[in-house]
Amino acid sequence: MATQVESSGLDHFFSAVAARLDRWRDLGKTAHAWAAKSAGAEAATLKASCVRQLEQLKPFETLQAFPGLRVLKTLEERVNSNDPQGTLRLLQRVSSALTSRSYRNEHGDWEQDEEGSSGERVMPTAMRETAARPYFEVLFVTPAPVSRWPSMIQQVRKLRRPQDEFVYEPVFVGNFEDALLAVILNVNLESVVIYEGFPFASANDLPLLKSWLASRLAFDPKAGEPGDYGLLLAKAVKQVRPELDVIMLADRKVEEIISDPAAVGLRRVFYEVEEPLEIHLSILSGVAERVETPFFDNLQKYAQKPVGTFHALPIARGKSIFRSNWIRDMGEFYGPTLFLAESSATTGGLDSLLEPTGNIKRAQDMAARAFGADHVFFVTNGTSTSNKMVHQALLEPGDIVIVDRNCHKSHHYGMVLAGAQPYYVEAFPLVEYSMYGAVPLRAVKQALLELKAAGRLDKVKLVTLTNCTFDGHVYDTRRVMEECLAIKPDLVFLWDEAWFGFARFSPFYRPRTAMGARATLKEAFADPAYLKRYLAQEKSLGADLDPKDKRVLETRLIPDPRIAKLRVYQTNSTHKSMSALRQGSMVLVGDEDFARHEQAFKEAVFTHASTSPNLQIIASLDVARRQMELEGYELVMGAIQNALDIRREINHHPLVSKYFRVLTPAEMIPAEYRPSGLKSLTEGSTWVDALRAMREDEFVLDSTRLTLVCGTAGFDGTQFKNLLAAEYEIQLNKTSRNSILLQTNINNTRSDVANLLKVLVEISQGIELRLKSGGDSARANFAARVKALTEDVPDLPNFSRFHDRFRTDPKGSTLEGDMRSAFYMAYDDTRCEHIKLMSPDIDQRLKNGPTMVSAHFVIPYPPGFPIMVPGQVIEADTIEFMRKLDVKEIHGYDASLGLKLIKPSALGESGGTAESGSAKKRSAPAQVTVSAKGATR
Ligand SMILES: Cc1ncc(COP(=O)(O)O)c(C=O)c1O
């Protein structure tokens with residue numbers, strides 16, 4: 001166990017899984033070279049290399065059952081007995097089983113050598129017999145001496161029974177650090193069994209893990225044994241991977257453990273001498289609970305039943321398809337199962353999405369467990385609908401919502417429908433890349449304080465922010481909620497995590513999700529030390545914060561935990577980041593007042609949900625949850641690893657990096673929001689630095705969202721997107737003027753990464769060739785194009801203000817507006833007019849009035865945010881932006897007619913005058929915005 005490895009290997013969180021595979025591959029190459037030499041000095045050197053490489057693999061393999069120490073031992077024996085061919089044969093099988101992951105379903109076969117000789121088997125017979133069942137690994141943490149582990153492993157294996165649903169292999173470790181390392185690195189683990197009495201420190205050299213642990217532990221392990229680490233380990237395991245089952249084996253009274261608050265979340269506590277079969281059954285039933293998919297399981301059964309349908313869904317059972325002369329190809333394409341699984345019935349065990357009481361209810365409850373919420377609602381019309389449901393459920397007409405102007409349009413429309421008044425806050429712009437970042441907390445606080453000063457705080461109901469943004473900006477969700485609750489303790493939060501649902505399954509991202517932050521806040525509010533901190537703040541700033549007191553804005557506020565409510569909603573497009581069918585979405589509820597609002601929530605569901613929900617989408621939501629609970633950790637880690645590889649490969653490739661680069665946190669987040677100083681996710685930083693940034697920085701970048709600058713290669717975003725699709729079959733999501741957004745998810749493999757790089761190399765070579773063969777004029781044209789794309793970028797317009805006609809308090813200073821009245825004015829053509837974008841009339845009106853007020857939402861794609869909303873006064877910067885815009889798709893704008901405006905007469909203005917009143921003089925919101933170059937403006 002006491003092997004030394006480089007710190008960049010074993011305890012490098014994201015690369016360790018890949019590093020292990022790479023080491024196996026390297027060993028394979030050495031063995032290959034050795035096998036090619038019959039004897040001599042070179043053969044001896046290669047053999048020595050094999051010995052050394054095997055030694056280096058040991059610390060990795062102590063944490064895994066496959067290939068594990070057992071196979072390493074066999075390999076060592078072969079190397080020591082001078083058997084290069086035998087070594088190579090076994091290594092090739094191991095390597096291919098590892099990369100294809102086939103050992104999970106063929107673990108009974110792989111270890112036989114090519115002759116099928118049973119003498120070469122290194123896995124026990126029991127494993128071969130159980131090959132067809134799903135496979136996982138279980139970590140046993142024990143104080144028993146290492147010499148006893150082989151017999152303990154055998155004892156665990158002997159517990160297997162033919163009727164077991166699954167098969168697992170035990171992995172033994174003997175201390176806290178190795179246990180945590182195994183939980184981090186062994187993606188096959190589903191359960192952890194902890195015997196009390198083990199020591200803390202690992203004999204491995206783990207500087208990164210140790211420094212991370214030192215910053216997290218509430219005790220100093222060097223100061224001696226603080227007692228038993230069992231419950232501390234259980235808590236740490238749950239922090240890293242909450243979905244794992246943890247079973248404790250205690251040598252003291254079980255009741256003593258259960259009454260300890262740290263025992264929350266333990267699956268079972270056993271008295272150590274109890275029947276081992278009980279432990280075995282507990283492990284299996286824990287996994288079975290996660291495997292169960294109540295709705296999908298039932299739908300499969302339903303599809304097998306002979307059902308006569310007299311309801312309105314001819315496609316159900318497929319007879320209209322398969323008996324047709326003309327549409328049989330549809331049946332052949334999808335196969336009969338799809339049609340057998342279609343129904344419009346809510347009987348026959350199918351449950352109703354609108355009033356779930358059976359298996360849909362159970363599936364939703366299981367999703368709540370998996371995603372850390374109190375309740376989950378499945379939605380089959382996308383997060384566009386989920387957002388509208390939440391707005392409607394929470395808001396009454398006239399309520400104020402503090403909302404990112406740059407948020408998805410479903411929020412804007414949701415507020416129109418609910419009659420709520422948006423108070424738009426601005427994200428910091430990244431002008432250089434024609435995109436926005438996220439909304440600084442300061443802007444949100446300022447809005448709340450302004451509303452408080454104006455006596456309108458009681459009308460503020462909701463704060464809505466997008467986490468993470470399209471381009472990957474992740475909020476400090478906990479801090480935002482803490483500081484806002486300090487100003488208004490009953491605020492409700494809607495975090496639009498359309499893109500971030502997967503984040504629950506990464507210990508890095510989880511604290512920055514809505515539900516992750518809610519969990520830590522819940523714990524903090526219950527901690528007496530937190531109240532003490534609050535009381536100190538109260539002493540200095542007072543219980544009722546004074547909006548005029550400048551310190552309030554500058555201080556990192558915390559709420560009074562005795563009165564602050566945790567009312568948190570999260571929406572996620574499960575289909576965007578997990579294995580759900582398109583439009584599969586979830587609303588996660590963590591609202592301590594939900595019981596009082598449940599009826600309103602139901603009404604919102606009734607308003608927006610289809611009464612004919614798609615059963616396949618519901619089933620896929622159920623299955624997506626199962627997958628994430630069982631392998632989400634591994635898949636998300638893989639997606640992050642792939643993203644980091646893409647960043648590294650592109651930004652360091654000698655040719656590709658001449659024309660393309662993936663933006664770093666330093667380029668995507670102004671320095672003032674990155675106090676940790678983290679500049680890059682791949683250069684000069686470790687995962688411990690990245691974790692510090694997660695704790696300290698106002699915004700961090702989700703590494704899986706990669707902004708690739710293509711303007712420097714002479715392509716605008718749309719052009720490059722089309723090139724990748726047309727010539728290389730590479731699809732992507734979003735573009736800006738000079739960039740495209742690539743995204744890795746749980747579907748990507750290392751081959752996808754390699755293919756992307758290959759394509760970029762090819763395109764870069766093409767550019768080089770054109771520039772070389774085209775001579776000076778080609779180079780000059782290229783430079784001009786690059787300059788136009790990267791330097792001549794339009795300023796991004798801020799939200800100006802609502803016209804006085806739509807302001808509750810036109811004389812006041814706050815920004816909220818009655819967008820709904822403006823929206824409906826546009827329905828009456830007699831109250832509207834059009835004006836052509838290029839017409840000089842626009843410039844005249846900007847100068848002399850009357851004020852131009854938008855009748856519509858105007859949303860260009862890209863960037864995809866509304867540059868005008870109904871009732872908004874149109875100012876010069878918005879017109880300039882529209883005029884420079886070179887995109888074809890602009891929702892709410894018909895170029896042949898021009899901008900649709902509300903007529904001055906409808907606004908109560910006379911033809912030639914501009915709007916008067918205090919709002920006119922008030923320019924853009926008094927928020928601090930920061931340009932891409934970091935300058936405050
Ligand atoms: C931030 C955000 N929220 C919500 C949505 C809507 O999600 P859906 O496509 O699931 O309706 C999107 C879609 O792109 C989005 O980007």
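Me: First up, where is T30 found?
Reply: T30 sits in helix α1 (residues 16-36). Helices here are DSSP runs of H or I with at least four residues, strands are E runs of at least two, and both are numbered from the N terminus. Keep in mind that this is a predicted model, with local features needing pLDDT of at least 70, side-chain atom pairs counted only at pLDDT 80 or more, and totals for chains, interfaces and linings using all residues. Residues are numbered from 1 along each chain as its sequence is written, and side-chain values use heavy atoms, with hydrogens and water left out.

Me: Is T30 buried or exposed?
Reply: T30 counts as buried, because its relative accessibility is 12%. The cut-offs are under 20% relative accessible area for buried, over 50% for exposed, and partly exposed in between (1.4 Å probe, protein chains only).

Me: And what is T30 in contact with?
Reply: Setting aside neighbours within four places in sequence, T30 contacts L46, S49, C50 and Q53. Contact means heavy atoms within 4.5 Å.

Me: Which helix does E42 lie in?
Reply: E42 belongs to helix α2 (residues 41-61). E42 has 48% relative accessibility, so it counts as partly exposed.

Me: How many Å separate the C-alpha atoms of E42 and R369?
Reply: That's 58 Å between the C-alpha atoms, with E42 and R369 327 residues apart along the chain.

Me: Switching to helix pairs. At roughly what angle do α7 and α9 cross?
Reply: Roughly 20°, and the axes of α7 (residues 176-185) and α9 (residues 230-240) come within 10 Å. So α7 is roughly parallel to α9. Angles under 35 degrees count as roughly parallel, over 145 as roughly antiparallel, 65 to 115 as roughly perpendicular and the rest as oblique. The axes are lines fitted to C-alpha atoms, for helices over the stretch in contact, and angles run from 0 to 180 degrees between N-to-C directions.

Me: Which residues make that contact?
Reply: On α7 they are F176, A179, L180, V183 and I184, and on α9 they are L232, L233, A236, V237 and V240. The contact residues divide into ten nonpolar, no polar and no charged. Ala, Val, Leu, Ile, Met, Phe, Trp, Tyr, Cys and Pro count as nonpolar, Asp, Glu, Lys and Arg as charged, and the others, Gly among them, as polar.

Me: What about α19 and α20, at what angle do they cross?
Reply: Helix α19 (residues 441-453) and helix α20 (residues 477-487) cross at roughly 15°, with axes that come within 10 Å. The contact involves L441, V444, K445, L448 and L449 of α19, plus R479, V480, E483, C484 and I487 of α20.

Me: How many residues has the largest nonpolar core?
Reply: It has 197, and L139, W212, I402 and L899 are those with the most contacts inside it. Helix α26 (residues 615-652) gives the most, twelve residues. A nonpolar core is a set of buried Ala, Val, Leu, Ile, Met, Phe, Trp, Tyr and Cys residues joined through side-chain atoms within 4.5 Å.

Me: Last one: where is F502 found?
Reply: F502 is in the loop between β13 (492-496) and α21 (514-525). At 7% relative accessibility, F502 counts as buried. F502 and K576 are 9.0 Å apart, C-alpha to C-alpha, and 74 residues apart in sequence.
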